[in-house]
Amino acid sequence: MPDVLVVEDDKDIAGRIIDGLRAAGHHTRWSQTGLGGLEEARRRAPRVTLLDLGLPDIDGVDVARRLRTEHPAMLIVMLTARGDDMDIVVGLDAGADDYLTKPFSITVLLARLRAHLRSRPNLSNRTVLSIGPLSVDPGARRCRLGDQEVELRPKELDLLIALATRPGTAVSREKLMAEVWDENWFGSTKTLDVTMAALRGRLATAATSADVCSPVITTLRGHGYRLEVP
Ligand code: CA
């Protein structure tokens, strides 16, 4: 049974959902905040997230958008209060797959999950990208170089994933900003240069200790970057 992350600030509702999921054989994780949920999703790459839209820290729709960007294959089901039609529309546009209106029965929730999981083979979360000695596992959010595990910060890993899914291909700065940071980014792109410098540094250090060639990320002036295929 796939892992399910429950992002819900209401203890009673969360408890009821988690009891039902566990009884059906799912492993569950619980976060009471949006930011905590995003962290948990990065750590565990659960196959399913049940996401309350009314969270104490950040907007649930924002959480849905970020989850979709970081976990393309994740099944995201929003939990909404009755009458929040606009939230449902915005949430589905942001990348959620489905919604349930509170109060809902656990039996219906489990049936919806079964239906979605039947039609959605667990593919892209388990795809490992291999480029020479470099291997990147977006589902597990791991990076290895030779036999060394490379510890990367979340944005460094996101940046590497964005390049490693298109090895040998030029990727523009705008595309990287949109994929790794925010599709509506209007600010400075200096953060991209800083993150790229950190990523290159960590890869070079790991390559030295693994005794392999460091992956080469070429800067394309006035355009963006390219991860070279050795
Ligand atoms: Ca709530």
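## Confidence

Confidence in this chain is highest in strand E3 (residues 48-52), at a mean of 97, and lowest in helix H7 (residues 173-181), at 85. The model is predicted. Over the chain the mean pLDDT is 89, and 94% of the residues reach 70 or more.

## Helix H7

The buried residues of H7 are Arg173, Leu176, Met177, Val180 and Trp181. Seen down the helix axis, these residues fall within an arc of 100 degrees, so they line one face of H7.

## Leu113 in helix H5

Helix H5 spans residues 106-118 and contains Leu113. The relative accessible area of Leu113 is 2%; because the limit for a buried residue is under 20%, Leu113 counts as buried.

Setting aside neighbours within four places in sequence, Leu113 is in contact with Leu21, Val48, Leu50, Leu75 and Val77. Leu220 is 107 residues from Leu113 in sequence, and the C-alpha atoms of the two are 45 Å apart.

Val89 belongs to helix H4 (residues 85-93). With a relative accessibility of 42%, Val89 is classed as partly exposed.

## Backbone geometry

Most residues other than glycine have a negative phi, and most peptide bonds are trans.

The peptide bond from Lys102 to Pro103 is cis, with omega near -5 degrees. Pro103 sits in the loop between strand E5 (98-102) and H5.

Ala45 has a positive phi, near 45 degrees, and is not a glycine. Its place is the loop that runs between helix H2 (34-44) and E3. Ala45 counts as buried, at 18% relative accessibility. Asp211, also not a glycine, has a positive phi of about 60 degrees. Asp211 lies in the loop between H8 and strand E11 (217-220). The relative accessible area of Asp211 is 70%; because exposed means over 50%, Asp211 is exposed, whereas Ala45 is buried.

Technical notes:
Residues numbered from 1 in each chain as written. Predicted model: local features only at pLDDT ≥ 70, side-chain atom pairs only at ≥ 80, totals over all residues. Heavy atoms only, no water. Helix = DSSP H or I, 4+ residues; strand = E, 2+ residues; numbered from the N terminus. Buried < 20%, exposed > 50% of the residue type's maximum accessible area, 1.4 Å probe, protein only. Contact = heavy atoms within 4.5 Å. pLDDT = per-residue confidence, 0-100. Arc of directions from axis to C-beta.
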